[in-house]
Amino acid sequence: MTIKKALTIAGTDSGGGAGIQADLKTFQELGVYGMSAITAITAQNTLGVHGIYPLSIEALESQIDAVAEDLLPDAAKTGMLWSADMISVVAEKTKQYDLKLIVDPVMIAKGGASLLNEDAVSAMKTQLLPVSYAVTPNLPEAEVLTGMRIQTKDDRHKAAERLYELGTSYVVIKGGHSPSDGLITDLLYDGKSFFELSNEHIDTPHTHGTGCTFAAALTAEIAKGRSMKEAFETAETFVHEAIKFPLNIGAGHGPTNHFVYQQNRVKA
């Protein structure tokens with residue numbers, strides 16, 4: 001059996017709930033070999049981000065080259081990219097190695113800390129999204145990237161169309177910031193049709209790292225050769241169960257439960 005490989009290009013989370021740590025846990029749980037290229041080291045826990053220490057552009061470039069030249073990923077994802085220069089490097093490397101790249105446009109941490117410089121938004125729209133396979137913003141991130149307010153279902157569709165026009169192959173807009181009738185609805189758009197999945201809204205503070213985890217699950221499934229719709233369905237289930245069965249650790253926004261997806265399938 002050929003082992004499928006996935007690369008995460010993101011920042012660390014010393015608390016283990018998001019970033020590189022969450023991505024690698026998710027890759028492992030979904031049966032792909034995980035690799036990493038670190039963009040920044042963060043000091044954080046469930047109460048917030050206490051420090052951000054970006055790595056040099058050279059360090060980021062060297063990590064991606066080292067992985068791609070020997071262990072070419074079947075799919076890759078981005079998380080916290082911090083600056084326009086970092087985004088430029090990732091865009092260049094995506095083209096150089098023909099990476100199937102999932103862009104999670106991480107902008108703000110759960111505690112409110114900014115994780116993306118203002119000058120980086122333009123670079124993401126003009127350089128990274130045109131070479132990406134998919135982009136997975138939450139509603140606030142989609143508003144920043146499209147420059148529009150997103151309040152209704154029609155707004156979501158229009159936002160997805162605008163993001164698709166930037167050059168990506170698939171758009172996923174996550175609905176976690178706007179529950180309706182007790183449901184969270186995520187949207188997938190492939191340039192032609194819209195596909196929605198809904199799960200019950202779970203009122204819990206333990207949602208740290210959900211965006212990273214969703215994108216990582218999507219990346220793992222794409223690395224395994226799944227269709228985007230199949231990957232979307234698995235990522236939905238993975239994150240929903242990770243929230244539904246919390247670890248209940250930390251005094252703030254606690255991490256999701258990366259173990260439970262496989263545990264539930266072993267029990268079944």
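**Group meeting: cores and helices of a predicted chain**

Of the 268 residues in this protein chain, 54% count as buried, where buried means under 20% relative accessible area, exposed over 50%, and partly exposed in between, with a 1.4 Å probe and protein chains only. What you see is a predicted model, in which local features need pLDDT of at least 70 and side-chain atom pairs count only at pLDDT 80 or more, while totals for chains, interfaces and linings use all residues. Residues are numbered from 1 along each chain as its sequence is written, and side-chain values use heavy atoms, with hydrogens and water left out.

Overall form, then. The chain has nine helices and ten strands; these are DSSP runs numbered from the N terminus, helices being H or I of at least four residues and strands E of at least two. The C-alpha atoms fill a box of roughly 45 × 45 × 40 Å along the principal axes. A compact globule of 268 residues would have a radius of gyration near 18 Å, and the 17 Å of this chain agrees with that. That radius is taken over C-alpha atoms, and the globule rule is 2.2 Å times the number of residues to the power 0.38.

Contact means heavy atoms within 4.5 Å. Among contacts between residues at least 6 apart in sequence, 67% join residues at least 24 apart.

The largest nonpolar core has 45 residues, and Ile9, Leu60, Ile87, Val90, Leu128 and Ile173 have the most contacts inside it. Such a core is a set of buried Ala, Val, Leu, Ile, Met, Phe, Trp, Tyr and Cys residues joined through side-chain atoms within 4.5 Å. Helix 3, residues 84–96, gives the largest share of this core, six residues.

What does Val90 touch, leaving aside neighbours within four places in sequence? Val90 is in contact with Ile9, Leu60, Ile64, Thr78, Leu81, Leu101 and Leu128. A second, separate core has 25 residues, including Val32, Val172, Met228 and Phe232.

Lys93 also sits in helix 3. Is Lys93 buried or exposed? Lys93 is buried, at a relative accessible area of 6%. Not counting residues up to four places away in sequence, Lys93 touches Glu61, Ile64, Asp65, Asp98 and Leu99.

Last, helix 4, residues 118–128. Its buried residues are Ala120, Val121, Ala123, Met124 and Leu128. These pack against strand 5 (75–78), helix 3, strand 6 (101–103) and helix 5 (139–146).
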